[in-house]
Amino acid sequence: MADGPTLIPLDNVDPALVEALLDRAFEPERHTRTAYKVREGTDWLPALSFAAIDAGEHLVGTIQCWPVALTDPAGRRHPMIMVGPVAVEPEAQGQGYGKALMTASIAALSPQAPLPQVMIGDPEYYGRFWGFTNAHTGGWDLPGPFERHRLLVRCDNPAILPAEGTLGPWRG
């Protein structure tokens, strides 16, 4: 990967290949995780979702982004984008594929209407490279078990973020 990974739109990849990669990266039981409940019943966003291809033109990584909403105590829904899963083949991890996928996805966001991005992940890693933080998510809930310090948000103007709410799928 001397020249960096080749990234293509994820919708150019056979969905069966994507599912197989996700199984290898996270295990087949991944569907029971809370993140799946947050985005349940929605389709991933093609404009923000990418695949990484290695020099042999094999799929080695993917990132998917999803429409979600934080529903505040008054019932108002605040649209957001859930980032992830970021998946890389186990034998290709640590080679920069995940970092390239994250950077591409964030770069694809519209600067005219930047929605807050949320994810469940390592705050030190995602904070250092992309500005994700758990400083504003302490009063947020998810539809299942989660480690509170791993619920992260990235937002140009944190003042717009509700202090409390429940994250779930966006169903227009």
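This is a predicted model: local features need pLDDT of at least 70, side-chain atom pairs count only at pLDDT 80 or more; totals for chains, interfaces and linings use all residues.
Colleague: In which order do the helices and strands of the protein follow one another along the sequence?

Modeller: The protein holds four helices and eight strands. Read along the sequence, these elements give the pattern β-α-α-β-β-β-α-β-α-β-β-β.

Colleague: Which radius of gyration does the protein have, and what would a compact globule with 172 residues have?

Modeller: Along its principal axes, the C-alpha trace of the protein spans about 50 × 30 × 30 Å, and 42% of the 172 residues count as buried. Among contacts between residues at least 6 apart in sequence, 65% join residues at least 24 apart. A compact globule with 172 residues would have a radius of gyration near 16 Å, and the value for the protein agrees with this, being 16 Å.

Colleague: Which element gives the most to the lining of the largest pocket?

Modeller: The largest pocket has a volume of about 700 Å³, and of the 33 residues that line the largest pocket, F26, R33, V86, I120 and R150 are the closest to its centre. Two or more residues of the lining come from each of α1 (15-26), α2 (34-38), β4 (77-88), α3 (97-107), β5 (117-120) and α4 (123-130). The element that gives the most, with seven residues, is β4.

Colleague: How do the residues of the lining of the largest pocket divide into nonpolar, polar and charged?

Modeller: Taking the lining of the largest pocket by residue class, the division is 18 nonpolar, eight polar and seven charged.

Colleague: Where is the peptide bond that is cis, and what is its omega?

Modeller: As a general rule, most peptide bonds are trans. The cis bond runs from G84 to P85, and its omega is near 15 degrees.

Colleague: With which side chain does the side chain of H78 make a polar contact?

Modeller: H78 is found in strand β4, and it counts as buried because its relative accessibility is 11%, where the limit for that class is under 20%. Not counting residues up to four places away in sequence, H78 touches V68, A69, L70, D72 and P162. The polar contact, at 2.9 Å, is with the side chain of D72.

Colleague: What distance separates the C-alpha atoms of I53 and Y97?

Modeller: I53 has its place in strand β2 and, at 13% relative accessibility, counts as buried. Leaving aside neighbours within four places in sequence, I53 is in contact with P5, T6, I8, H58, L59, V60 and Y97. I53 and Y97 are 44 residues apart along the chain, and their C-alpha atoms are separated by 8.9 Å.

Colleague: Which backbone oxygen does the side chain of T34 reach?

Modeller: T34 lies in helix α2 and counts as buried, with a relative accessibility of 7%. Not counting residues up to four places away in sequence, T34 touches L142, P143, G144 and P145. At 2.5 Å, its side chain reaches the backbone oxygen of P145.

Colleague: What is the phi of E57, and where does E57 lie?

Modeller: Most residues other than glycine have a negative phi. E57 has a positive value although it is a residue other than glycine, and at 69% relative accessibility it counts as exposed. E57 lies in the loop between β2 (50-53) and β3 (59-71), and its phi is near 65 degrees.

Terms used:
Residues are numbered from 1 along each chain as its sequence is written. Side-chain values use heavy atoms; hydrogens and water are left out. On a 1 Å grid over the protein atoms alone, a cavity is a set of points where a 1.4 Å probe fits but cannot get out, and a pocket is an open set with protein on both sides within 12 Å along at least five of seven lines; lining residues have an atom within 4 Å of a point. Grid points are joined across faces, edges and corners, and a volume is the space filled by probe spheres set on the points. Ala, Val, Leu, Ile, Met, Phe, Trp, Tyr, Cys and Pro count as nonpolar, Asp, Glu, Lys and Arg as charged, and the others, Gly among them, as polar. Buried means under 20% relative accessible area, exposed over 50%, partly exposed in between (1.4 Å probe, protein chains only). A polar contact is a pair of N or O atoms within 3.5 Å; within protein, one must be able to donate a hydrogen and the other to accept it, and residues adjacent in sequence count only if both atoms are side-chain atoms. Contact means heavy atoms within 4.5 Å. The radius of gyration is taken over C-alpha atoms; the globule rule is 2.2 Å times the number of residues to the power 0.38.
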